[in-house]
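Reader: I would like to learn how to read helices and charged pairs in a model of this kind. Could you take me through it step by step?

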Amino acid sequence: MHKSPRLLGAGVHTAAPGKDYPSHAHTSWELVYYVRGRITCPVGDETYDATPGTVLLTPPHTWHAEQSRTGYANRFLQVDAATTHPWPRLCYDDTAHTLRRVFDELVRETESEDLRTLLLAELDLRLRRAASPPPTLAEQVVAQAEQLFEEQFAAGLRIADVAAELGISPSGLRAAFTRLRNTSPQTALQAVRLRHALAHIRNSTLPLQAIAELTGYNSVSHLSRHVKASTSSPPGALRSP
């Protein structure tokens, strides 16, 4: 069980070209967001090249330095957390500059301890997410297919068309769903259609023909078969009195 990180200090550091920061170590984590410049950073046995948007996380008792190649500026945080806290050693900001925002707010916020705690909790979550292994190609394909199911379930979507849009064969898509979801893409698509159909049946007065058309079923009988197979009741029995 990892203890919750606690902010010890925060600040801004700037340096001119050739103005290096000598090798040093801390008893806490040091989290650094580089805002501008190009910097070479020896950290323990590794060396990293940092540019704007790079976040470097150095564990306690780890010797590290900054070699200024162009002049640079950063935001730094000193954070009390377990040495084994599940943070990456290096990550990069997204296009929305999400990490930059949190670093800046932590540096600026000097009055509200509650707000700093919330901001650090957000940063902790985002950094731990950055440490997670990237999704495999199969995981990406399945997630993209599921997104298409949600967006286009009512449009007579065919699995072959989904596979073509994702650049994979239908058999490859079926294999990915079987391995990762223990089901077929067709069954997953039908589950999305059925979920939306049941919501309409239970919460609206729309006729069944309209619901079938709205949710991608070929006919009322097609809709009714799926509803009864799933709930053991015909659609009419599910409608609110």
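This is a predicted model: local features need pLDDT of at least 70, side-chain atom pairs count only at pLDDT 80 or more; totals for chains, interfaces and linings use all residues.

Reader: With which residue does Asp 49 form a salt bridge?

Author: The partner is Arg 69, and the closest N and O atoms of the two are 3.4 Å apart. This pair links distant parts of the chain, since Asp 49 belongs to strand 4 (residues 46-50) and Arg 69 to strand 6, 20 residues apart. Arg 69 is likewise partly exposed, with a relative accessible area of 42%.

Reader: How many salt bridges does the structure hold, and which residue meets Asp 80 in one of them?

Author: There are 11 salt bridges in the structure. In one of them the side chain of Asp 80 meets that of Arg 6, at 3.4 Å from N to O. Because Asp 80 lies in strand 6 and Arg 6 in strand 1, the pair ties together parts that are 74 residues apart in sequence. Arg 6 is partly exposed, its relative accessible area being 48%.

Reader: Which residue forms a salt bridge with Arg 101?

Author: Arg 101 pairs with Glu 122, and here the closest N and O atoms are 2.4 Å apart. Arg 101 is in helix 1 and Glu 122 in helix 2, so this pair ties together parts that are 21 residues apart in sequence. Both residues also take part in a network of salt bridges that links Arg 101, Glu 105, Glu 122 and Arg 126. As for accessibility, Arg 101 is partly exposed at 33%, and Glu 122 is partly exposed at 22%.

Reader: How should I read the faces of a helix, and which residues of helix 2 are buried?

Author: The general idea is that an α-helix has 3.6 residues a turn, so residues three or four places apart point the same way. In helix 2 the buried residues are Arg 116, Leu 119, Leu 120, Leu 123, Asp 124 and Leu 127. They cover an arc of only 145° around the axis, which puts them on the same side of helix 2. The face turned away from that buried side carries the exposed residues Asp 114, Leu 118 and Arg 129.

Reader: What do the buried residues of helix 2 pack against?

Author: They pack against several elements, among them strand 1 (6-15), strand 3 (29-43), strand 6 (64-80) and helix 1 (98-108).

Reader: What span should the 19 residues of helix 2 have?

Author: At 1.5 Å a residue, helix 2 (residues 113-131) should span 27 Å, and its end C-alpha atoms are 27 Å apart, which agrees.

Definitions and conventions:
Residues are numbered from 1 along each chain as its sequence is written. Side-chain values use heavy atoms; hydrogens and water are left out. Helices (H or I, at least four residues) and strands (E, at least two) are DSSP runs, numbered from the N terminus. The expected span of a helix is 1.5 Å times one less than its number of residues. Buried means under 20% relative accessible area, exposed over 50%, partly exposed in between (1.4 Å probe, protein chains only). The arc is that of the directions from the helix axis to the C-beta atoms. Contact means heavy atoms within 4.5 Å. A salt bridge is a side-chain nitrogen of Lys or Arg within 4 Å of a carboxyl oxygen of Asp or Glu.
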